[in-house]
Amino acid sequence: MSFKLPDLPYSYDALAPYMSRETLEYHHDKHHMAYVTNGNNLLKGTEWEGKSLEDIVKGSFGKNAGLFNNAGQHYNHNHFWQWMKPNGGGDKIPGKLKAAIDSDLGGVEKMKADFAQAGATQFGSGWCWLAVKDGKLIVSKTPNGENPLVHGATPVLGCDVWEHSYYIDYRNRRPDYLKAFVDHLVNWEYVEQLYLAAVK
Ligand code: MN3
C-alpha cells in the first residue's frame, strides 16, 4: 500500500480557538502531506513495500531512519486528527476508559497532569502518549517521529509537541497548548475505542 493523506474529520475552523484554521492548514496540508510524499518515495523498492503502515513503522525502526521518520509521522498524524474533536477534552470520559485510568494511572486529574508534564518535558520535537503496555495504561514520551509501537506498546492517545503543532497559536507556550489539548480537544470516545481494541 502507499501512504495517502486522510481528510480532516472536521472543518478547519472546528477546533478554534484552541487550534486555529491556520495551524490546521499548515499542519495537515503541508507537514502531514510532506510525510506522505517523502514516505512514499522512500518506501519504493524496500522490503516493506506492500506492508501495512504499522508493519512498516515497526519494521523500519532502527533499520531505515528516513523511511521510519516519515512512516512514523504518517501513523502519528493519522491518529492525531482523530484524537481531537470540537468540544472535546475535559472529564467526560467513557466508563471503561475512565475505570482503567482510575486503576492504572491514579485518576483523571493525575493522568491529565502526567500527560501534560510528559509533553512539556519532551526536549525538542516529539510526542507525549497514553499507551497500553502489558494490558495496563502508561504515560510516556518519545522524540521526533517515534511512538509507543516501537517500544512494545499500543498508542491510545498522543499529542504532537513539535513546534509546528502550536507555535502559530501559542508561540513558545507549550504547556498552555497541552492544557488546551486535554481540557478542550481530546476525543475521549476515540481513545476508548483504541483502548478496548488494545486490551482485547
Ligand atoms: Mn506534526
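Lysine 98 is partly exposed, with a relative accessible area of 31%; "partly exposed" sits between buried, under 20% relative accessible area, and exposed, over 50% (1.4 Å probe, protein chains only). Its side chain meets that of aspartate 102 in a salt bridge, 2.8 Å from N to O. Here a salt bridge is a side-chain nitrogen of Lys or Arg within 4 Å of a carboxyl oxygen of Asp or Glu. Aspartate 102 is partly exposed too, at 36%. Lysine 98 and aspartate 102 are 4 residues apart in helix α4 (residues 95-105), so about one helical turn separates them. An α-helix has 3.6 residues a turn, so residues three or four places apart point the same way.

Before going on, keep in mind that this is a predicted model: local features need pLDDT of at least 70, side-chain atom pairs count only at pLDDT 80 or more, and totals for chains, interfaces and linings use all residues. Residues are numbered from 1 along each chain as its sequence is written, and side-chain values use heavy atoms, with hydrogens and water left out.

Now hop over to helix α2 (53-60). Helices are DSSP runs (H or I, at least four residues), numbered from the N terminus. Glutamate 54 and lysine 58 join their side chains in a salt bridge of 3.8 Å, N to O, and they too are 4 residues apart, about one helical turn. Glutamate 54 is partly exposed at 37%, and lysine 58 is partly exposed at 41%. Leu53, Ile56, Val57, Gly59 and Ser60 of α2, on the other hand, are buried, and what covers the buried residues of α2 includes α1 and α3. Just after α2, glycine 62 takes a positive phi of about 80°.

Step back, and the domain assignment, which is automatic or from a database, gives domain 1 (21-82) and domain 2 (95-199). Their contact (heavy atoms within 4.5 Å) takes 19 residues from domain 1 and 22 residues from domain 2. Between domain 1 and domain 2 there are 0 salt bridges. On the side of domain 1 that touches domain 2, α3 gives the most, with 9 residues.

The salt-bridge count comes to 12. One of them pairs arginine 173 with aspartate 176, 2.7 Å from N to O. Arginine 173 is partly exposed at 40%, and aspartate 176 is partly exposed at 36%. Elsewhere, salt bridges that share partners tie Asp91, Glu109, Lys112, Lys179 and Asp183 into one network.

Notes: Helices (H or I, at least four residues) and strands (E, at least two) are DSSP runs, numbered from the N terminus.
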